[in-house]
Amino acid sequence: MTPEEPPPRCVFLMLLICMGAGWFGGIFTASMALQMLSLAESRPEEVILMPFLLRHFSPEVLAGGVMVVASVAGGGIGSLWNLFAADRIGLKVSCAAAFATLGFASMLAAYPPTYLMGVLASSVGGNVLAPILPALLSCQFDDDGRTQRYVTYAYASSNGAFVLATAVAGVQSFWMGYVESAVVACVSLALLRAAWGQLRDSSDKAKSPSAHPALRSNDLRIVGFAILCVLGLTFRAVFAQFLGGSFMVFAREEVSALGGLRVPPQWFLTLNGLIDMILAAPVAGLYECKPALRFHLKLRLGFALIAFGFGILGFAAKLTSMAGVSPLVVAAATLLISLGELHFNPVMMATIPSEMPANMLGRFNGIYFVVSGVGDTAQGLGVSLYEAAGAEGFFMVLAALAMTGFIGLQLVAPGLDYCFSEAAGAERLPLAVKGPAAPNP
């Protein structure tokens, strides 16, 4: 057996860069909804536009509405960049621009008067960076198995930083977390510059012998890609309620103390990151041992697991009194939801580069993140819906939506195999037989 070639040095730098992105996401996810409520309830006069907005909305509705507006506006600007600029100017340049924006957004958010502007700028930078990082990492490999493995490792690295960020966010001032995020963004830019010369861009990946052919007219891969986008939208709409907003409110109001200790809501997000970080490598190793396992089976497991997780939260809220849900029950639900995340997000990030043309990775990843990212707007809407429906009804609806995604994917799985059959058949061939046959001596 030929020993596997070690990954280039730039891949390890990319993993560190993914940790920087995870830190930023952890700080803003753990702090945004809670700080918005805190500012609206205690000192709205310090924030530009907030007194005006509070004349028309309650603090809870305002917090959710600002998150929705930031998500939509940031998603729109980020999507335009990824659709029309990312592949033309290069994924590396796009990544650098995104980190510069995130550093600037962190400083705006650290200063209360410009907090709302910081939230908007962070959404722009995050929506540019989210599809670019996995696309850039996938460009470094010609083998789809290694792509799946290192994308999963990157996901684990990002969640490792997410763990640290959410743990720290629960015990320090909001402004301090934003300053730390600005520093991390600068360090990530420095690491990207150090790896610049070794990193392959999408234009380089397109020249690889293993790259998929360009799109043709009436290419069924477009149909398969559209189905993946709908699935991603469904998953993100449900999973977004765990990452912030409604789940943060639930953890603050409904979870009881454990041995006299009130568990900070952010610590459940810390547990989510720990679970992802610990189990990502075993899950990636399991999938490497089962190369014939198709991606849609892994995605189905993701839907089923988060359905059980939210179902546990709904039953716990039904069977207990106000502020009586045990933290251990919430921890068990967090375990299931985290496993569902591991069976969906990294798999989808590796599937799109594996099935679509290499010279359009930025565009296709951007389209996927735009469409699926519409589900993130549900994070803000979920706060007001949670207040209206109550914990029991809200989480049971989420469980039902996740099971709907599971059933729908079960029905369309044969169609996905058919749409990607040509690309999938090419993937199973050794690289040596993909090119023209060598002439006989």
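**Pocket, core and domains**

Trainee: Which residues lie nearest the centre of the second largest pocket?
Mentor: This is a predicted model. Nearest the centre of that pocket are L49, L53, V66, V69 and L116, out of 14 lining residues.

Trainee: Which elements give two or more residues to that lining?
Mentor: Helix 3 (59-84) and helix 6 (115-138) do. Helix 3 gives the most, with 5 residues.

Trainee: How much space is in there?
Mentor: About 260 Å³.

Trainee: And how do the lining residues divide into nonpolar, polar and charged?
Mentor: The lining has 12 nonpolar residues and 2 polar ones, with no charged residues.

Trainee: Switching to the largest nonpolar core. Which residues touch the most other members?
Mentor: M36, Y115, L228, F250, F310 and F395, in a core of 118 residues. Helix 1 (residues 9-42) supplies the largest share of this core, 20 residues.

Trainee: Which domains does the core draw at least three residues from?
Mentor: Domain 1 (7-47 + 54-202) and domain 2 (214-427) each contribute at least three residues to this core.

Trainee: Back to M36. What does it touch?
Mentor: Leaving out residues up to four places away in sequence, M36 touches S31, M50, A63, V66, Y115, L116 and V119. Of those, V66 and L116 are also among the residues nearest the centre of the second largest pocket.

Trainee: How far apart are the C-alpha centres of the two domains?
Mentor: The centres of domain 1 and domain 2 lie 19 Å apart. Their contact takes 42 residues from domain 1 and 48 residues from domain 2.

Conventions: Residues are numbered from 1 along each chain as its sequence is written. This is a predicted model: local features need pLDDT of at least 70, side-chain atom pairs count only at pLDDT 80 or more; totals for chains, interfaces and linings use all residues. Side-chain values use heavy atoms; hydrogens and water are left out. On a 1 Å grid over the protein atoms alone, a cavity is a set of points where a 1.4 Å probe fits but cannot get out, and a pocket is an open set with protein on both sides within 12 Å along at least five of seven lines; lining residues have an atom within 4 Å of a point. Grid points are joined across faces, edges and corners, and a volume is the space filled by probe spheres set on the points. Helices (H or I, at least four residues) and strands (E, at least two) are DSSP runs, numbered from the N terminus. Ala, Val, Leu, Ile, Met, Phe, Trp, Tyr, Cys and Pro count as nonpolar, Asp, Glu, Lys and Arg as charged, and the others, Gly among them, as polar. A nonpolar core is a set of buried Ala, Val, Leu, Ile, Met, Phe, Trp, Tyr and Cys residues joined through side-chain atoms within 4.5 Å. Buried means under 20% relative accessible area, exposed over 50%, partly exposed in between (1.4 Å probe, protein chains only). Domain bounds come from an automatic or database domain assignment. Contact means heavy atoms within 4.5 Å.
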